[in-house]
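Here are my notes on this one, written as numbered points. Have the structure open while you read.

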Number of protein chains: 2
Amino acid sequence: MAYELYYWPEIQGRGEFVRLALEQAGAAYTDVAREEDDDLPGLMHTMQDGAVPQPPFAPPYLKAGDLLIGQTANILLFLGDRHGLAPADEAGRLWTHQLQLTIADLVVEVHDTHHPIGSGLYYEDQKPEAKRRTEDFLAHRMPKYLGYFERVLARNPAGDAHLVGDGLTTADLSMFQIIAGLRYAFPKAMARIEPKHPRLVRLHDRVAALPRIKAYLASPRRIAFNQDGIFRHYPELDP
Amino acid sequence: MAYELYYWPEIQGRGEFVRLALEQAGAAYTDVAREEDDDLPGLMHTMQDGAVPQPPFAPPYLKAGDLLIGQTANILLFLGDRHGLAPADEAGRLWTHQLQLTIADLVVEVHDTHHPIGSGLYYEDQKPEAKRRTEDFLAHRMPKYLGYFERVLARNPAGDAHLVGDGLTTADLSMFQIIAGLRYAFPKAMARIEPKHPRLVRLHDRVAALPRIKAYLASPRRIAFNQDGIFRHYPELDP
């Protein structure tokens, strides 16, 4: 049974955290909207069809047989269990999911650097507010989050190669995407702050070198970072 | 074994979603920080102590025996399983958690109506931006979320008394808090929009009438809504 991933076809966005888990799992999946025309009939159908009893609020969502699973972290909870990308014991599962949810919080804050007023408005319609919000993000929030995840690696009793225990989890894969995305969006700020977070940089490099992830990143399946996703590079926001 | 809940002692905030689940479960728990002095030694200790191998990023977090569980939705996932406040089957658990995560997204957006620039700044330092963000929230985001949850109730094959199946879940308890909070923060906007969402209003009333919840709401354990929490009433934001 192949999974069906439903997400916007032209951005990495939140869907990328799911794509990375599916790729590392070696799972068969269809990235449905990337095979559709511009009207995205399948993607919108599931959200708008009155016959769907458990409609997702927004993409990404994953069809897995009879299951229709929405919310990025929830999808990763499911895939982590099914593909050995999370510990099997309750304490390990909860800790992995806790980190995943903290990553999700960071993703919201990254998005809101360029959309602090409304996700339905253009960046150009909220530039002064974006400038102020990004200054706060780079001065306070990004250091707080990165410092936290660096500490999680440093304190891991099993060593600092992984966020959880001594095995690869969805949280490691997602953290790779965070570092890659922040480098794209804020290259100057990241150049300044990275030396303080050597474990996170090594984790990024380790994930990027995993054979399946390396092959994925070099493939046309990996959409390039661009100005429509969550991580966007506006030079005026990264002085 | 009594649970220990760690959360800011003077607000409902995100901790309230956990308190409601603990109360409905009839679980023994200590609301630790409410028994501490102003320095909050226990609350801050766990976050700052270098010896804690799995530190939470922020409150609330719950100690359950040897487990230290952070992230509101993650705590509710745990409590739902343990106290029958979620279905036992995988599909039902994932759907309940999906709704819980969508509620968590809404909570972030409510918070950001009064803090669109920075959570470390005062409201008074971001009033023009808060005005704009709240206009967008009331015009677009609040209707989108409430319309979604109303549809979830309407489409529930087991009837519209609960968000999930025919039993009470943490998602129902949290939805009660959302309606109560939005009424406190935006009484005028809610008076206009509530008639379109009769199922959500009935769900709110049904939860409020549960014997344990009713007793909790009437007790001193229920902190009143106030201007330091997530739901805040600024008349200028609800014209």
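1. Let's begin with the surface. Chain A exposes about 9500 Å², and carbon and sulfur atoms supply 53% of that area. Keep in mind that this is a predicted model.

2. Now the inside and the overall size. Of the 239 residues in chain A, 59% are buried. A compact globule with 239 residues would have a radius of gyration near 18 Å, and chain A agrees because its own value is 18 Å. Its C-alpha atoms fill a box of roughly 50 × 45 × 30 Å along the principal axes.

3. Next, the fold. You'll find nine helices and four strands in chain A, and along the sequence they come as β-α-β-α-β-β-α-α-α-α-α-α-α. Take the contacts in chain A with a separation of 6 or more: 69% of them are between residues 24 or more positions apart.

4. On to the rings. Over all chains, the structure holds 18 aromatic pairs. In one of them, Y148(A) and F149(A) have ring centres 5.2 Å apart and planes at 70 degrees, so we call the pair edge-to-face. Both Y148(A) and F149(A) are buried.

5. F137(B) and F186(B) make a tilted pair, 5.9 Å centre to centre with 40 degrees between the planes. F137(B) sits in helix α5 and F186(B) in the loop between α6 and α7, so this pair ties together parts that are 49 residues apart in sequence. F137(B) is buried at 2% relative accessibility, and F186(B) is buried at 1%.

6. One last thing to find: F57(A), Y145(B), Y148(B) and F149(B) form one aromatic cluster.

Conventions:
Residues numbered from 1 in each chain as written. Chains lettered and ligands numbered in written order. Predicted model: local features only at pLDDT ≥ 70, side-chain atom pairs only at ≥ 80, totals over all residues. Heavy atoms only, no water. Helix = DSSP H or I, 4+ residues; strand = E, 2+ residues; numbered from the N terminus. Rg over C-alpha atoms; globule rule 2.2 N^0.38 Å. Buried < 20%, exposed > 50% of the residue type's maximum accessible area, 1.4 Å probe, protein only. Contact = heavy atoms within 4.5 Å. Areas by Shrake-Rupley, 256 points an atom, 1.4 Å probe, with all protein chains shown as cover. Phe/Tyr/Trp six-rings, centres within 6.5 Å; stacked < 30°, edge-to-face > 60°.
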